[in-house]
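Please have the display open while I talk.

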Amino acid sequence: MSTRIAFLKGHGTENDFVIVPDPENTLHLSPAAVAALCDRRAGIGGDGVLHVVRSAAHPEAREMAAEAEWFMDYRNGDGSVAEMCGNGVRVFARYLQHAGHVAEGDLTIATRAGVRTVHIAKDGDVTVGMGRARLPEGDVTVTVGGRSWPARNVNMGNPHAVAFVADLAHAGDLYTAPPVSPATAYPDGVNVEFVVDRGPRHVAMRVHERGSGETRSCGTGACAVAVATARRDGTDPAVTGTPATYTVDVPGGRLVITERPDGEIEMTGPAVIVAEGEIEGEWLAHAVG
């Protein structure tokens, strides 16, 4: 491991990430190393790590290299691998712009959930084409304390259980994953969203992200919430033929989600680079020792 490793810190609606540029995929970021970097007291701190790699240099992304030059090798805060992170894609795009790899306008980014289209606007917001939601069949129930709610199973490239509640406080502290049944619905774990109404096509949510705990925002979660709310409200674009746009408030800010009649979903929100520096290789080696 080199003596120093470049890093940046960024966030999207306060869903924060350690960004590790590694174009040729020369760094081995073990789960322990990722967890050490994301430690908020002994490390840099973050909900996850954005490992920035050229698609052609990563075995999981080589087949996407013709469509997208860059691959978002995303890891959760506990070091586990995740398929997709919506806020992470926006911050990833902002990093590429910051580093001079791309300019304002359109680009593509490879993820484990497939290639995502991105637009960097002049006003600073970033819009991500999040693909289509899948709605697996079967009843799902979320439980916190003595309360239980039916939940909508929504897959945005990663799994979500969306529960509508009377009060966001009913979600509890979200330090640990809320029990979801049946367990067979989510064999690889699940992100759980708790949702309340704020007004017409306007909701607020809290989320427990698998591998990270409660986070200030979750982009794929906001998309899952918009999809579930549209079905609840009878505004499914595939049925009405009209796009459905929902404002989703998260603890760290606000996201705007639009689902189109063809099922494609777009998410718009801010993305900010806040710092950059170097990681001491010796510290990292000792931390994972």
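In which hand, left or right, does H1 pass H5 in their crossing? Before I answer, please keep in mind that this is a predicted model, in which local features need pLDDT of at least 70 and side-chain atom pairs count only at pLDDT 80 or more, while totals for chains, interfaces and linings use all residues. Residues are numbered from 1 along each chain as its sequence is written, and side-chain values use heavy atoms, with hydrogens and water left out.

The answer is that H1 passes H5 in a right-handed crossing, right-handed meaning that the near helix is turned clockwise from the far one by less than a right angle, and left-handed that it is turned anticlockwise. Helices here are DSSP runs of H or I with at least four residues, strands are runs of E with at least two, and both are numbered from the N terminus. The axes of H1, residues 31-38, and H5, residues 281-288, come within 9 Å and cross at roughly 115 degrees, where axes are lines fitted to C-alpha atoms, for helices over the stretch in contact, and angles run from 0 to 180 degrees between N-to-C directions. That makes H1 roughly perpendicular to H5, a label that covers 65 to 115 degrees, with under 35 counted as roughly parallel, over 145 as roughly antiparallel and the rest as oblique.

Which residues make the contact? From H1 they are Ala 32, Ala 33, Ala 36 and Leu 37, and from H5 they are Trp 283, Leu 284, Ala 287 and Val 288, with contact meaning heavy atoms within 4.5 Å. By class, these residues divide into eight nonpolar, no polar and no charged; Ala, Val, Leu, Ile, Met, Phe, Trp, Tyr, Cys and Pro count as nonpolar, Asp, Glu, Lys and Arg as charged, and the others, Gly among them, as polar. Buried means under 20% relative accessible area, exposed over 50%, and partly exposed in between, with a 1.4 Å probe and protein chains only.

Now to the cysteines: the structure holds zero disulfides, a disulfide being a pair of cysteine sulfur atoms within 2.5 Å. Cys 38 is buried at 6% relative accessibility, and Cys 85 is buried at 4%.

Turning to the backbone, a cis peptide bond, with omega about 0 degrees, joins Ser 181 and Pro 182, and Pro 182 lies in the loop between strands S11 (180-181) and S12 (191-199). Asn 25, which is not a glycine, has a positive phi of about 60 degrees; Asn 25 sits in the loop between strand S2 (15-21) and H1 and is partly exposed at 23%.

Finally, Ile 265, in strand S17 (residues 264-269), is buried at 1% relative accessibility. Leaving aside neighbours within four places in sequence, Ile 265 is in contact with residues including Val 128, Met 156, Cys 223 and Ile 257.
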